[in-house]
Amino acid sequence: MRKTFICGNWKLNHDLETTRATLREMIQKLPSSRDVEVGIAPVTTTLFAACEVAKGSRIHIAAQNVHHAEKGAYTGEVSCAHLRELGVTHVIIGHSERRQYFGETSGEVAQKTRAALDMGLVPIVCIGEQLEDREAGRTMAVIDEQLAPVLDVLHPPDVPTLVIAYEPVWAIGTGKTASAAQAQEVHAHIRAQVRSKFQEAAEQVRIQYGGSVKPSNAKELLAEPDVDGALVGGASLTADSFVGIIEAVS
Ligand code: PGA
């Protein structure tokens, strides 16, 4: 049985005080039943404070990015060890904005995934096609290209830990959501790819959907058999809408 996992991605939003206040409000408003796993990925400079506020609560704190090396001459970067010592437990890897604006490649995504797993962090690996890929019938090909290098660095015991976020780029921040059927089609394909390499362990991999998820559409998307959670941008910024999503799928 895969536990539903809803993670908020705050991107470059919320200062320190807003981060603390929003997390406190979420902790207070979250339903007490723990049938849904919950995470928030705040801005890097607020991770320390976020971990302090979230300590003992049901909210996991996730980073939005990480460097694959443990240490060395990598000016401006943060390692998995640095995240771990703060109390961060999850890390988003290969978000489409990182691929698009920072030139992150699927090879780098695989290296980061390996590093996260080695450090005991849960990687949330993002994959997804652009609108022109979908229109050209290349959705599954793009998914396979992005997924293969990640599957190549996994060992069988890593597989149940892995979280994959399918985020069609055309649905991110646009208000345009993939239909539940479109999401399910790609999620089933992703699981089949994992299964072809790791057999039944694929049943334990959680596949989140991301792209304009909100309280009003979360239930329908998550009713699909292979949609195991959501990576939520805009609708995770306030406690009311984020908690609304958790309530809708609880
Ligand atoms: P959105 O972002 O919910 O604002 O579309 C999702 C994401 O980028 O993870």
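**The ligand site and its protein chain**

The ligand sits in the second largest pocket, where a pocket is an open set of points on a 1 Å grid over the protein atoms alone, with protein on both sides within 12 Å along at least five of seven lines, and sitting there requires more than half of the ligand atoms within 2 Å of its grid points. The model is predicted, with local features needing pLDDT of at least 70 and side-chain atom pairs pLDDT 80 or more, while totals for chains, interfaces and linings use all residues. Residues are numbered from 1 along each chain, and side-chain values use heavy atoms, without hydrogens or water.

Polar contacts are pairs of N or O atoms within 3.5 Å. A polar side-chain atom of H95 lies 2.7 Å from a ligand oxygen. From the backbone, an N or O atom of G173 lies 2.7 Å from an oxygen of the ligand, and a polar atom of G233 is 2.8 Å from a ligand oxygen. The protein buries 95% of the 290 Å² that the ligand exposes when taken alone (Shrake-Rupley method, 1.4 Å probe).

The protein chain contains 10 helices and 8 strands (DSSP runs of at least four and at least two residues, respectively).

Terms used:
Polar contact = N/O pair within 3.5 Å; in protein donor to acceptor, adjacent residues only side chain to side chain. 1 Å grid on protein atoms, 1.4 Å probe; cavity = no way out; pocket = protein on both sides within 12 Å on 5 of 7 lines; lining within 4 Å.
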